[in-house]
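Here is a short briefing on one protein model. Please look over the sequence and the fold before reading on.

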Amino acid sequence: MAIEIERKFLVADGWRDAVTRAVPMRQGYLGGSRCSVRIRIAGEGAQINIKSRELGRRRLEFEYQIPAGDAHEMLDRLADGALVEKTRHYVEIGDHIWEIDEFAGDNAGLVVAEIELNSEDERFDRPPWLGPEVTDDARYYNLALARHPYRKWSRP
């Protein structure tokens, strides 16, 4: 069984100089009450990803490569809600690779860092640009951002 253990954080300034590569992404979601089914185009490749719908650090996750043409067709014709557009930046710190998502479109202005871990209590180096943890806040999940974009949030 595939398990994903991931933590999410908001990001402050100072991370860009550490980026080793960046990949533009476009993704959308297909219906499902017990899981999210995501279609993602990242650079020239495409994947279908199925994750259990659970808050927190640990979820079931399955991911498979699919033809890019099929992915475009699914996003254009089958996706529920808006598409999520972002650039994923990769930053290596210690033994981990941070994925920093800089959102565009209806989610512009939002930047979230994610780290995948081997266990829920695994230690990791906290970079100085790491902000508050939002792992348990459903608003920051990409599925939620597709249905209720960041630009529609009421913020102080």
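G28 stands opposite I39 in strand β3. Strands (E, at least two residues) and helices (H or I, at least four) are DSSP runs, numbered from the N terminus. This is a predicted model, where local features need pLDDT of at least 70, side-chain atom pairs count only at pLDDT 80 or more, and totals for chains, interfaces and linings use all residues. Residues are numbered from 1 along each chain as its sequence is written, and side-chain values use heavy atoms, with hydrogens and water left out.

**Strand β2 and its partners**
- Two strands pair if DSSP finds at least two bridges between them.
- β2 covers residues 19–30 and β3 covers residues 35–42; six bridges pair them in the antiparallel sense.
- Four residues lie between β2 and β3, and the two strands form a hairpin.
- β2 also runs antiparallel to strand β6 (residues 80–93), joined by nine bridges.
- Y29 has a bridge partner in each neighbour: R38 in β3 and D80 in β6.

**Strand β3 and the next hairpin**
- β3 runs antiparallel to strand β4 (residues 45–52), with eight bridges joining them.
- Across this pairing, V37 stands opposite I50 in β4.
- The β3–β4 hairpin has two residues between its strands, and G43 in the turn has a positive phi of about 65°.
- Buried means under 20% relative accessible area, exposed over 50%, and partly exposed in between (1.4 Å probe, protein chains only).
- Seven of the eight residues of β3 are buried, so the strand is largely enclosed by the rest of the structure.

**Overall fold**
- The protein has two helices and nine strands.
- Along the sequence, their order is β-β-β-β-β-α-β-β-β-β-α.
- The radius of gyration is 15 Å, which agrees with the value near 15 Å for a compact globule of 156 residues. This radius is taken over C-alpha atoms, and the globule rule is 2.2 Å times the number of residues to the power 0.38.
- The C-alpha atoms fill a box of roughly 40 × 40 × 30 Å along the principal axes.

**Packing and surface**
- Of the 156 residues, 46% are buried.
- Among contacts (heavy atoms within 4.5 Å) with a separation of 6 or more, 60% come from residues 24 or more positions apart.
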